[in-house]
Amino acid sequence: MPEVQRIDVRGPRFAASISAVLLLVATFLSLIGVATGDLAATPLSARILDPGFLLLLVIALLFVWGVASPRTAPWGVLYRRVVQPRLAPPTEFEDPRPPRFAQGVGLFVTAVGLLLHLAGVPWALPIAAAMAFVAAFLNAVFGLCLGCQLYLVLQRAGLVGRRRPSAA
C-alpha cells in the first residue's frame with residue numbers, strides 16, 4: 001500500500017486563522033445587511049449586493065479552491081512560502097485528507113447559507129457564516145478541527161478514506 005503524504009499540522013491552523021477572521025467579518029456584515037430584515041420582500045439584486053453575501057461568496061470560493069487544489073490554495077501557499085521558513089522545522093504531521101474534507105464541510109455550510117439567502121430565508125446568511133466561524137475559530141485557537149473529526153467518524157464507518165487495492 002502506498003504511504004499517505006503528510007503535512008505540517010501548523011499549515012491548516014494558519015489557514016483556519018485567516019478564515020476565522022474573514023468569517024467573523026462576514027458574520028458581522030451579514031448581521032447589519034439585508035439578511036435580517038424582510039428578506040423575501042428584498043429584491044434579488046439587493047440580496048446579491050449585500051456585503052455579507054459577497055464576502056461569504058468569496059470565502060466559499062476559497063473553500064472550493066482548498067478542496068479542488070489544496071497545494072495552490074492561497075493560505076497554504078502563503079504559509080509554505082512566507083510563514084513556514086521562519087518557523088522551526090515541523091515536529092507534528094498529519095494526513096492531508098481530513099483537512100481537505102474539512103474545507104469541503106466549510107464549503108457546504110457557506111454554500112447552503114448563500115443559497116438560502118438568495119431564496120429569501122431570513123437569518124440564513126449570518127447563521128451559516130457564524131457556524132463556519134465557530135469551526136474555523138476552534139481549529140485556529142485550539143487545534144480542534146470539527147471537519148477533521150467528522151472525517152474520522154465517517155472513515156471508521158467505512159464511508160470515506162477507503163484505500164482501493166491497486167489493479168495488479
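## The largest pocket

The largest pocket has a volume of about 1000 Å³, counted as the space filled by probe spheres set on grid points that are joined across faces, edges and corners. A pocket here is an open set of points on a 1 Å grid over the protein atoms alone, with protein on both sides within 12 Å along at least five of seven lines; a 1.4 Å probe is used, and lining residues have an atom within 4 Å of a point. Everything here comes from a predicted model, in which local features need pLDDT of at least 70 and side-chain atom pairs count only at pLDDT 80 or more, while totals for chains, interfaces and linings use all residues. Residues are numbered from 1 along each chain as its sequence is written, and side-chain values use heavy atoms, with hydrogens and water left out.

So who lines this space? The lining of the largest pocket takes in 41 residues, and those nearest its centre are Pro12, Ala15, Pro99, Arg100 and Gln103. Two or more residues each come from β1 (7-8), α1, α3 (51-68), α4 (74-83), α5 (97-118), α6 and α7 (146-156); these are DSSP runs numbered from the N terminus, with helices being H or I of at least four residues and strands E of at least two. The biggest share is from α5, with eight residues. By class, the lining divides into 25 nonpolar, ten polar and six charged residues, where Ala, Val, Leu, Ile, Met, Phe, Trp, Tyr, Cys and Pro count as nonpolar, Asp, Glu, Lys and Arg as charged, and the others, Gly among them, as polar.

## Overall layout

Stepping back, the protein has seven helices and two strands. Read from the N terminus, the order of elements is β-α-α-α-α-β-α-α-α. Along the principal axes, the C-alpha atoms fill a box of roughly 60 × 40 × 25 Å.

## How α1 meets α6

Helix α1 (residues 10-32) packs against helix α6 (residues 124-142) at an angle of about 155 degrees, with axes 7 Å apart. Axes are lines fitted to C-alpha atoms, for helices over the stretch in contact, and angles run from 0 to 180 degrees between N-to-C directions. The two helices are therefore roughly antiparallel (over 145 degrees; under 35 is roughly parallel, 65 to 115 roughly perpendicular and the rest oblique). Their crossing is left-handed, with the near helix turned anticlockwise from the far one by less than a right angle; clockwise would be right-handed.

In this contact (heavy atoms within 4.5 Å), α1 contributes residues including Pro12, Arg13, Ala16, Leu23 and Leu31, and α6 contributes residues including Leu125, Phe133, Phe137, Asn139 and Phe142. The classes are 18 nonpolar, five polar and one charged.

## What α5 packs against

Against α7, helix α5 crosses at roughly 110 degrees, and the axes come within 7 Å. That makes α5 roughly perpendicular to α7. This crossing is right-handed. On the α5 side the contact uses Arg97, Pro98, Pro99, Phe101, Ala102 and Val105, and on the α7 side Gly147, Cys148, Leu150, Tyr151, Leu154 and Gln155. Nine of these residues are nonpolar, two polar and one charged.

With α6, helix α5 packs at about 170 degrees, the axes being 8 Å apart. The pair is therefore roughly antiparallel. Here Val109, Thr110, Gly113, Leu114, Leu116 and His117 of α5 meet Ala124, Leu125, Ala128, Met131 and Ala132 of α6. This contact has eight nonpolar, three polar and no charged residues.

## A look at Ile7

Which residues does Ile7 touch, leaving aside its neighbours within four places in sequence? Ile7, found in strand β1, is in contact with Pro12, Glu92, Phe93, Glu94, Pro96 and Pro99. Ile7 and Glu94 are 87 residues apart along the chain, yet their C-alpha atoms are separated by 5.4 Å.
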